[in-house]
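Q: I would like to learn how to read the features of a protein model, one at a time. Could we go through this one together?

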Amino acid sequence: MSGEDALLPPWANRQQDVSPPEDWQQVPLATIADIRFSSVDKKSYAGEKPVRLCNYTDVYNNDYIFGDEDFMSATASDSEIARFSVQPGDVIITKDSETPDDIGIPVVIEASSPDLLCGYHLALIRPNQNRVDSIFLAKQLAHERLSRYFARLANGLTRYGLPTVAVENVPVWVPLLGEQQSVAGILRGIDESIAKTESLIHKLKAIKQGLMHDLLTCGLDDNGQLRDSERHPEHFKESPLGLVPRDWTIKPLSDLTDVDRGKFMHRPRNDPRFYGGEHPFVQTGDVAAADGRVLNSFSQTLNARGAIVSQEFPEGTIAITIAANIADTAILGRPMYFPDSIVGAVVKPPNAIRYIELRIRYRKKWLSAQAPQSAQKNINLETLRPLLLPVPNPEEQLKIAEIYDRLDSRIQSEEAYHSKLKAIKKGLMQDLLTGRVRVKDPLEEGD
């Protein structure tokens, strides 16, 4: 055992369940990289030079830093600039956090500039490029084998941190450099696919938000085109809700739906005798997570006894939260039971369920403002039933709903693809970073 290893607690040196391939080395991080714990805080001081700081969130939220991100401005001394300026190929990890699970999170510096410094609560790792590939090293540090290592060695009660010796002795598995680079190329490729998909989802969501506003304020004319209030003001009229298309009417929610509150009459509510059956029992968190979409999942179930003290709502009901999170919505994909923190709105034909859901969600901010400022915000049926909504004819409602659903279906498809890519990445990391699946050095393939 080395002198540095001897400084670690005995349990920190236990062998993992797996070992590297015979032709891979296991080496302490300090033997293949220069490690520097940053002391550059976020404050600005007179007499120091202006710099930009790569901070904790910049590392935690990214796989790569390209140098043009919106970094925080601060100042640093000449010695800090000399020691903690980041360079392409550097790897930075989180060394302090509120939970031990968030320690050791890496990012790779792809591009930088002389004024970009590694900030406080981070460790700057500069790999020996003749021994280890930067991306391969970062992926090794992110692997669950080393995540467990970091979590075990993190010290603290309300805030956790890694001691210097723990970082220096991180047991890195190192194949030949060519194999590292091949593995890094594969993982970088999947990272790029994930990033492109995330960017597309972000753009589609922005489009959806704008489209939702346009559809619910202008609606569609007989040709299926958005009405234009500036070019054709004669097609609009003033209403209690502002300017709306001329042929729309203003109606309370109670005219469009049957509105009833969920219930669970037994106290205490957590009595286990009422749970664990076949009846879905939706919670406010389930509705919030659905974000207006069709809800088929649920976090709790009721048995026959629980169903008696609750209330079932049919498929197609619009679930509306009225406590804590106000006016989060979802459309039931199957019959479900609600507690009294959720209201069910059963849409009356011939109105379109999706259109009415969109209308309720569009009034979320207003509804939230009606909640008393108490320990937990809440509204009641007296607020929801008279809620005024602009209503076009059923045909236009359906057209608006179909346009929205098509775009949201595209977003859901991209989100599913994003989840698939992340699952593929997880499998690749497990296979390639442990040597379970080998990738040949390109130079060896050419021999």
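Q: Where is the place of P268, and what is the peptide bond from R267 to P268?
A: In this predicted model, P268 has its place in the loop between β16 (257-261) and β17 (275-281). The peptide bond that leads from R267 to P268 is cis, and its omega is near 0°.

Q: Which residues does the other cis peptide bond join, and what is omega there?
A: P349 and P350 are joined by a cis peptide bond with an omega of about 5°. As for its setting, P350 is placed in the loop between β24 (342-347) and α11 (353-362).

Q: Staying with backbone angles, what is phi of D291, and where is D291 found?
A: Although D291 is not a glycine, its phi is positive, at about 55°. The residue is found in the loop between α9 (284-290) and β18 (294-295). The cut-offs in use are under 20% relative accessible area for buried and over 50% for exposed, so D291, with a relative accessibility of 44%, counts as partly exposed.

Q: What is phi of A324, and in which loop does A324 lie?
A: A324, a residue other than glycine, has a positive phi near 65°, and it lies in the loop between β21 (318-323) and β22 (325-332). With a relative accessible area of 41%, A324 is partly exposed.

Q: Is G292 buried or exposed, and which residues does G292 touch?
A: G292 lies in the loop between α9 and β18, and its relative accessible area of 1% makes it buried. Once residues up to four places away in sequence are set aside, G292 touches T329, A330, I331, R354, E357 and R361. M429, by contrast, is 137 residues from G292 in sequence and 35 Å from it in space, taken from C-alpha to C-alpha.

Q: At what angle do α4 and α5 pack, and how far apart are their axes?
A: The angle between α4 and helix α5 (residues 144-153) is about 60°, with the axes 5 Å apart, and the two helices are therefore oblique to each other. The contact is made by Q140, L141 and A142 from α4, together with E144, R145, L146, S147 and F150 from α5. By class, the contact of α4 with α5 has four nonpolar, two polar and two charged residues.

Q: In which strand is T301 found, and with which residues is T301 in contact?
A: T301 is found in strand β19 (residues 300-302). Apart from neighbours within four places in sequence, T301 is in contact with F274, Y275, G276, G277, H279, P280 and F281. I65, on the other hand, is 236 residues from T301 in sequence and 45 Å from it in space, C-alpha to C-alpha.

Q: Turning to the whole protein, what does its secondary structure come to, and how many of its residues count as buried?
A: The secondary structure comes to 15 helices and 25 strands. The radius of gyration is 28 Å, well over the 22 Å that the globule rule gives for 447 residues, so the protein is more spread out than a compact globule. Its C-alpha atoms fill a box of roughly 75 × 60 × 55 Å along the principal axes. Of the 447 residues, 47% count as buried. Among contacts with a separation of 6 or more, 77% are between residues 24 or more positions apart.

Notes. Residues numbered from 1 in each chain as written. Predicted model: local features only at pLDDT ≥ 70, side-chain atom pairs only at ≥ 80, totals over all residues. Heavy atoms only, no water. Helix = DSSP H or I, 4+ residues; strand = E, 2+ residues; numbered from the N terminus. Rg over C-alpha atoms; globule rule 2.2 N^0.38 Å. Buried < 20%, exposed > 50% of the residue type's maximum accessible area, 1.4 Å probe, protein only. Contact = heavy atoms within 4.5 Å. Axes fitted to C-alpha atoms, helices over the stretch in contact; angles between N-to-C directions. Parallel < 35°, antiparallel > 145°, perpendicular 65-115°, else oblique. Nonpolar A, V, L, I, M, F, W, Y, C, P; charged D, E, K, R; others polar.
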